[in-house]
There are 2 protein chains.
Amino acid sequence: MQQRSEETRSKIISSAIKLFSTRGFNAASVDDICKDAEISKGAFYHHFESKQALFLALLDGWLQTIDNAIELSKDKTVPETFIQMTEAFPYIFATAGEGLPMFLEFWLQASRDDKIWQASIAPYRRYHKHFTSLIKKGVDEGSFVQVDPELTARMIVSMAMGLLLQSLLDPEGAKWEKTAREITTMMMNTLLRKEA
Amino acid sequence: MQQRSEETRSKIISSAIKLFSTRGFNAASVDDICKDAEISKGAFYHHFESKQALFLALLDGWLQTIDNAIELSKDKTVPETFIQMTEAFPYIFATAGEGLPMFLEFWLQASRDDKIWQASIAPYRRYHKHFTSLIKKGVDEGSFVQVDPELTARMIVSMAMGLLLQSLLDPEGAKWEKTAREITTMMMNTLLRKEA
DNA sequence: GAATAAAAACCGACTAGTCGGTTTGTTTTT
DNA sequence: AAAAACAAACCGACTAGTCGGTTTTTATTC
C-alpha cells in the first residue's frame, strides 16, 4: 500500500490551495507550503517536479470538476441547464473569490511559456465551443429566439467574466450575486421564446 | 533649468512602460529598467522611492488620460458619447492588450496592501458612478428606454471587462473588435428608444 | 512468516542566483 | 559653496531547486 505517499501528496495539495489562495502564487513559497503541510522539501519535489507543475495539477482538478458538471447536465433541456447554472451562482462567486486571483496571477506570468498557454487555452476554447452549441441547441429545440449562437455565447461569457472580475476588484461595491441573478433574468427574458 | 533631471525621469518612465508591458511587472526588474533607460540605480531611486511608487505614477498618468476623455465628452448627448466610445474600440483593445496584463499583475499582489487597494478602487467607483449617471441622463433626456441605470451600468461594464479579458486570454480566438462592435450594436438597439 | 534485497518515499542542509533597496562618493546645476 | 542629480559597488533577504544520505514500504525468497 502507498497510503503514506498518497497522504503526503494530498497534504501538499491542500496546503498549496490554502496558501496560493490566501497569499497568491508567487508570495506562497515552496518552503511555506512544505512547512504548512508538515513535510520536507525532498518530499515536495518527489511528488511534483516544480512549483509550476503543482499548480498545473491543481488546475487539472478544477477542470475535471467543470467537466463533471457539464457531463451531469447532458440530458437536461437547455433552459433547465441555464437554471442549474444560476443556482450555482453562490458557489461560483465564492469559489471565484478565492481561486480566480491565484489563477490570474499564475496565468499572467506563465502564459508567456507556449506550453502553458496551449494547455490553458485549450479548455477555454473547449468550453466556449460547448457553450455555443448549447445555445444553438436551445434555438433548434425552440426554447430560444433566433440568435447567432457564437455571438450570444461570447456575450454571455463576457458578462460572466466581467461580473466575476468586478466582484474581485470591489467585493463590497455591489451585491454581485444579486446583480448576476438580475442580469441573468434580463437576458433570459430576451432570449426565451414567448410561448403564446 | 532641471532639463536633465526631467529627461532622466521620462527615460525611466518610458523604459518602465516598455518593460512592464512586455515582461510584466515582476519580471521586469529595477536593474532591467535602469539598464534600458541607460541610467544608474541611484538615479532611479532619486526619482522614485520604490518600484511600486513608479507603477503608481504610471497609473496616475493613465487615469488622467481617462479623465480628460470624459471631460471632453461633457457636453455631447448620451448617444453621441456612446458612439465616441465605439470609435475608440481599436485604440482600447490595442492599449488593453499591452497595459491590462501588467495592471492586473500589479493589482493582484498589491491589492493586499490596504493603501493601494483604496487608491485603485476609488477611481473604479468614480467611473462606475459617472457611467451610471450617464445612463440615467440618457433615460432622462429621452434617448434611452426606461431601464435601471445602476444595473445597466454594471451590465455594460461587465461586458466590456469580460470582452477585454477574453481578448487577453485568447487574442486569436475571435475577432474581438468586431465582436465588441456587434454586441454594442445589439445592446444599443434594445437600449435606444425607437422614435416613431 | 521471518529475512533480505530492492525500490520508493522522505529529510534537510546547501547551492546558486535574483532582486529591491541602500550607501558612499562624484559630478552637475544653481 | 550648497544642493540636486547621478554613478556604481554593495547588502541582506529570499527562493526554486538539488543532492547525498536515511527511513519506510514493497517484493522476493526461503
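Me: Is Glu38(B) buried or exposed in this predicted model?
Reply: In this predicted model, the relative accessibility of Glu38(B) is 66%. The class "exposed" requires a value over 50%, so Glu38(B) counts as exposed.

Me: Where is Glu38(B) found in chain B?
Reply: Glu38(B) is not a glycine, although its phi is positive, at about 55°. As for its place in chain B, Glu38(B) is in the loop between helix 2 (30-37) and helix 3 (41-47).

Me: What is the phi of Glu38(A)?
Reply: Glu38(A) sits in the chain A loop between helix 2 (30-37) and helix 3 (41-47). With a relative accessible area of 65%, Glu38(A) is exposed. Its phi is positive in a residue other than glycine, with a value near 55°.

Me: Is Cys34(A) buried or exposed?
Reply: Cys34(A) has a relative accessibility of 4%. Because buried means under 20%, Cys34(A) counts as buried.

Me: What is the relative accessible area of Cys34(B)?
Reply: Cys34(B) belongs to the buried class, for which the cut-off is under 20%. Its relative accessible area is 5%.

Me: How many disulfides does a search of the whole structure find?
Reply: A disulfide is a covalent bond between the sulfur atoms of two cysteines. The search covers all chains, and the number of disulfides found is zero.

Me: What separation is there between the C-alpha atoms of Ser111(A) and Ile66(A)?
Reply: Ser111(A) lies in the loop between helix 6 (89-110) and helix 7 (114-140) of chain A, and is buried at a relative accessible area of 16%. Along the chain, Ser111(A) and Ile66(A) are 45 residues apart. Their C-alpha atoms are separated by 21 Å.

How values were computed
Residues are numbered from 1 along each chain as its sequence is written. Chains are lettered from A and ligands numbered from 1 in the order in which they are written. This is a predicted model: local features need pLDDT of at least 70, side-chain atom pairs count only at pLDDT 80 or more; totals for chains, interfaces and linings use all residues. Side-chain values use heavy atoms; hydrogens and water are left out. A disulfide is a pair of cysteine sulfur atoms within 2.5 Å. Buried means under 20% relative accessible area, exposed over 50%, partly exposed in between (1.4 Å probe, protein chains only). Helices (H or I, at least four residues) and strands (E, at least two) are DSSP runs, numbered from the N terminus.
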